[in-house]
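Please keep the sequence and the structure at hand while reading.

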Amino acid sequence: MAASTDTEHEERTGADGSPGPAARRRGRGPGRIVAQAVSVLGELLITAGLVLGLFVVYSLWWTNVVADRAADKQADQVRDNWAQDRVGPDGPGALDTKAGIGFLHVPAMGNGDILVEKGTSMKVLNDGVAGYYTDPVKSALPTSGKEGNFSLAAHRDGHGAKFHNIDKIEEGDPIVFETKDKWYVYKTYAVLPETSKYNVRVLDAVPKESGKKKAGHYITLTTCTPLYTSRYRYVVWGELVRTEKVDGERTPPKELR
C-alpha cells in the first residue's frame with residue numbers, strides 16, 4: 001500500500017515536488033484551452049478597437065485638416081485673382097468656374113467663408129468647399145441675373161465639414177453669397193430637417209416643397225443627415241432680398257458685421 005501511495009504522489013507532484021504528469025495533463029484540459037481562446041479573442045478585439053479608433057480619427061479629424069488646407073489654398077488663389085483683377089479663361093466678364101465662383105457666408109453656422117465651386121462630386125466636395133449642382137438638376141447662378149434656384153451641397157462631417165452646423169440655421173437667418181463685384185443677401189424662409197436623398201424636387205427652380213409657387217431668386221443648401229451618416233438629406237431654403245455692390249474695402253453687408 002505504501003508503494004502505491006508513493007507512486008500516486010509522484011504522478012501528482014513529481015519526485016522533486018514539481019507538478020507531475022497527471023497534473024500536467026490536467027493543465028492541458030478544456031478549461032485551459034478556453035482560457036487561451038478568450039485571451040486571444042480579447043487581444044483581437046483590442047486591436048480591432050484601436051484600428052477603428054484610428055479610422056474615426058482619420059475620418060473626422062485628419063480629413064478636415066487636409067480639406068481645410070486645400071480649401072484655404074484655393075480660396076487664396078480666388079481672392080488673389082480678384083485683387084489683381086485677373087479674368088477667367090473665357091475672357092472679361094465671364095465666370096471663372098474652375099477656380100471658384102465666390103464665397104458663401106452663413107453666420108448661424110459660425111464657420112466663416114466657404115468657397116463655392118462647380119459640381120457636387122466627392123472629388124470637388126472633399127476639398128472642403130461647397131459645390132453648386134450641375135446634375136441631376138442644373139443650378140441657377142445668381143451672377144446670371146436670371147430667376148432660379150442657386151442650389152449647393154457640402155459635407156456635414158469629415159472633409160472640412162462646411163455644413164456641419166446647418167441645423168443651427170433658422171427661418172429669418174441671413175445667407176450671403178460673395179462674388180468679385182457683388183454681395184447677394186438671402187433670407188432663410190424654410191427648413192426641411194429630413195428628406196430622401198433621392199428627392200431632387202428640393203432643387204427645382206421653383207422649390208414647391210418649400211412653399212413657393214412662383215419663380216424667384218432662391219438659394220438651397222443641402223447636406224447629409226443624421227450626422228455621420230448619408231441616409232437622408234437636410235435642406236435649407238432662402239430667398240434673395242437684395243444685392244449690394246462691393247466697395248473698394250470689400251465692406252461686408254450689415255448681416256455679416
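## Aromatic pairs

Rings of Phe, Tyr and Trp (for Trp, its six-membered ring) count as a pair if their centres lie within 6.5 Å, and planes under 30 degrees apart are called stacked, those over 60 edge-to-face and the rest tilted. By this rule, ring pairs link Phe 150, Phe 177 and Tyr 184 into a cluster. The model is predicted, and local features need pLDDT of at least 70, side-chain atom pairs count only at pLDDT 80 or more, while totals for chains, interfaces and linings use all residues. Residues are numbered from 1 along each chain as its sequence is written, and side-chain values use heavy atoms, with hydrogens and water left out.

A search of the whole structure finds four aromatic pairs.

Phe 150 counts as buried at 2% relative accessibility, and Phe 177 counts as buried at 0%.

## The barrel

Eight strands close into a barrel in the order E1-E2-E3-E4-E7-E8-E6-E5, with mixed pairing. Neighbouring strands of this sheet are turned by 30° against each other on average, direction ignored; the axes are lines fitted to C-alpha atoms (for helices over the stretch in contact), and angles run from 0 to 180 degrees between N-to-C directions. Two strands are said to pair if DSSP finds at least two bridges between them.

Strand E5 (residues 174–178) and E6 pair in the antiparallel sense over five bridges, with Val 176 facing its bridge partner Val 185 in E6, and the two strands form a hairpin with three residues between them. E6 and E8 are likewise antiparallel, over twelve bridges; Thr 188 has Gly 238 in E8 as its bridge partner, and Leu 192 has Val 235 in E8.

Strand E7 (residues 217–225) is joined to strand E8 (residues 232–245) by eight bridges, again antiparallel. Thr 223 has Tyr 234 in E8 as its bridge partner, while Cys 224 stands opposite Arg 233 in E8. In the hairpin of E7 and E8, which has six residues between the strands, Tyr 228 takes a positive phi near 70°.

## The largest pocket

The largest pocket is lined by 30 residues, of which Met 122, Thr 223, Cys 224, Ser 230 and Arg 233 lie nearest its centre. The elements that give two or more residues to its lining are helix H3 (30–83), helix H4 (122–125), strand E6 (182–196), E7 and E8, and the largest share, three residues, comes from E7.

A pocket here is an open set of points on a 1 Å grid over the protein atoms alone, where a 1.4 Å probe fits, with protein on both sides within 12 Å along at least five of seven lines, and lining residues have an atom within 4 Å of a point.

Definitions and conventions:
Helix = DSSP H or I, 4+ residues; strand = E, 2+ residues; numbered from the N terminus. Buried < 20%, exposed > 50% of the residue type's maximum accessible area, 1.4 Å probe, protein only.
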